[in-house]
Amino acid sequence: MQDSKLPLLLIHEVGGTRGVLEAHVPFLKKHFQLITMKEFLESKEYYCAQVQAIYSWWHKPVIDRELLKSLPNLKVISSAGVGTDHLDLKLISGFGVRIANTPHAVHSTTADIGMALLLAAARRLVEGCQIAVSPDTGYFSNNWLGEEVTGATLGIIGMGSIGYKIAQRARAFEMKILYHNRNRRKEDEEQAVGACYCGAIEDLLQQSDFVMLVVNLTPRTYKLIGKKELQLMKPTASLINISRGQVVDQDMLVEALQTGVIKSAAMDVTYPEPLPRDHPLLKLKNVIITPHVGIKTHKTTFMITEDAVSNVLAALNGLPMPSEVFPD
Amino acid sequence: MEENEHPYTLINVIGGTNGVYEDHVEFLEKHFKLITMKEFTENKQDLSHKIKAIFMWFHKPVVDRDLLQSLPNLKVIANCGVGVDHLDLKLISSFGVKVANTPFAVSNPTADLGMALMLASARRIVEGHQIAVSPDTKCFMADWLGEEINGATLGIIGMGTIGYKVAQRARAFEMNILYHNRNRRNEADEQAVGAVYCPKLEDLLQGSDFVILSVNLSPQTQKLIGRKELELMKPTATLINISRGQVVDQDALVNALKNGVIKAAALDVTYPEPLPRDHALLHLKNVIITPHLGSATSKARHLMMRNMVESILAGVSGLPVPNEVHV
């Protein structure tokens, strides 16, 4: 029987598609009494005044007005990962509830996936693996080629912490780095990675062999990459998306890939996830899609939970949270 | 003299899946009189004395004693790529013929591919793509996880040009780097990439989360990684091979992968290539194989061709041959 003096933490579920990872449960139970949405809904009246915190994992549980109204003593919502586009920050704040994310745990791991996708796209890794194991393969052609990464130009759109770590990695491949960001970085930061600022996104698009999207999803970045932007890119270029699916106009992307406006694309994110099974993106040979695995390693997911717990404990003790998020 | 300006150079074939690239021919014909094997065999009497060089593109034409004996004025063989394990260097040398390879043209794309394989394996890119596009996929499972690259330990076996470039790249991913090499690198080189020398291979194997092979194939490196070495590796470790298939005892590798002795493998090279279609390696879930893509970029292949042209031009003129391979 769990220690009932521990604060009550509401989660969506354990395991499954959107649940908190089973491997994390023992750690969580050291600090909290865990209650799932199912248990909560079955005994709402008993639990509602006791719930002080919610741990949002993979956008669940859904935080709406109804839920907020039913939890009078809710102090904090701790959201796994860095994106908070799934939360209505103004609404939540209006109820006097604090919000936290876990940005630091994700930077290196997400940068790793960005580079993994860039390399896989450039060298046609997924196609190559299919050839290597296909029952129809009789020999390897020597004329089956990819694009060179070393010395190529990488355009990073969004040079926050993750974008910067991508620049650090790309530099080791002797890539020429262009970047576009709301704000220009300091000179010493630019010099440390050899990054060249492009005030106009058009300049970045026209010169890059690889374009990597590393922005938050906001009204300003919604469909940031549309028909015009794709046409500005080189026909030999690859688009890599590790932001959110909605940053790209997906229909225009399909057209661009089908007609050779750009060479290939690799994306860890789409809209929706997963895509409908008849979506054209699933059938294109020059597309690599991964199932939103940006932060999905054993180590990082555990660090995210550790950070989330730190945020919750700070909030419950009336202390500043390590990574509090405020509405704009 | 005309013949020296456009030395007669033997090639296998132009075009198709394994011939000299059609878009390289214009440049080659600026410098050489190209003779295909077909033309040579049809006209041996006339051509055999004229041929001064062989442009060996992906191991063809095959150079054996018969061919060497039929080319009395052969001065140089330019081989594409860095590996010369398929050539009988002693035999060729005994005919007074020089051999050149193209080590520098391949080093960047091969190091890049080593990193691509390590990242793809750790983060399960190939499996992930299959899930993302599968007609059966309804949702993405939350507990589907990969291995961390940043902060992990990479053990590099073979720290030549390619191995060192791997180290430079891996360092930027915040990896710890161990290396094993015939000769220790100088301190400045080590410090520049934060690499720690392991004089004993065993120490590297026991300490690494990822082990990458970037050695030449030689009698010393044949089956360098066998049952003993695999058992020394961590059960959570991944083996990446960008050298030659024969550097690994393939049967021992299959066993190790089947029994969880190591976690996974990512191979750009096997023995033979391709593997027979019923080979166990093709059916293991924890293996990714690429069809020997180490130098497979247009840029690298173009540079290789240019390097080979330089070596041939020097060789037929009696000048020092760039990238000469000594026996």
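Good morning. In chain B, B:Leu154 stands opposite B:Phe210 of strand 9. This is a predicted model, in which local features need pLDDT of at least 70 and side-chain atom pairs count only at pLDDT 80 or more, while totals for chains, interfaces and linings use all residues. Residues are numbered from 1 along each chain as its sequence is written, chains are lettered from A and ligands numbered from 1 in the order in which they are written, and side-chain values use heavy atoms, leaving out hydrogens and water.

Strand 6 (residues 153-157) and strand 9 (residues 210-213) of chain B run parallel and are joined by four bridges. Strands here are DSSP runs of E, at least two residues long, and helices are runs of H or I, at least four, numbered from the N terminus. Two strands pair if DSSP finds at least two bridges between them.

The whole sheet of chain B is open and parallel, with seven strands in the order 8-7-6-9-10-11-12. Strand 8 (195-197) and strand 12 (287-289) of chain B each have a single partner strand, so one side of each lacks a neighbour in the sheet.

I turn now to the interface. In chain B, 63 residues are in contact (heavy atoms within 4.5 Å) with 64 residues of chain A. Between chain B and chain A there are three salt bridges, each a side-chain nitrogen of Lys or Arg within 4 Å of a carboxyl oxygen of Asp or Glu. A:Lys165 and B:Glu174 form a salt bridge through their side chains, at 3.4 Å from N to O. Helix 7 of chain B supplies nine residues, the largest share of the side of chain B that touches chain A. Thank you.
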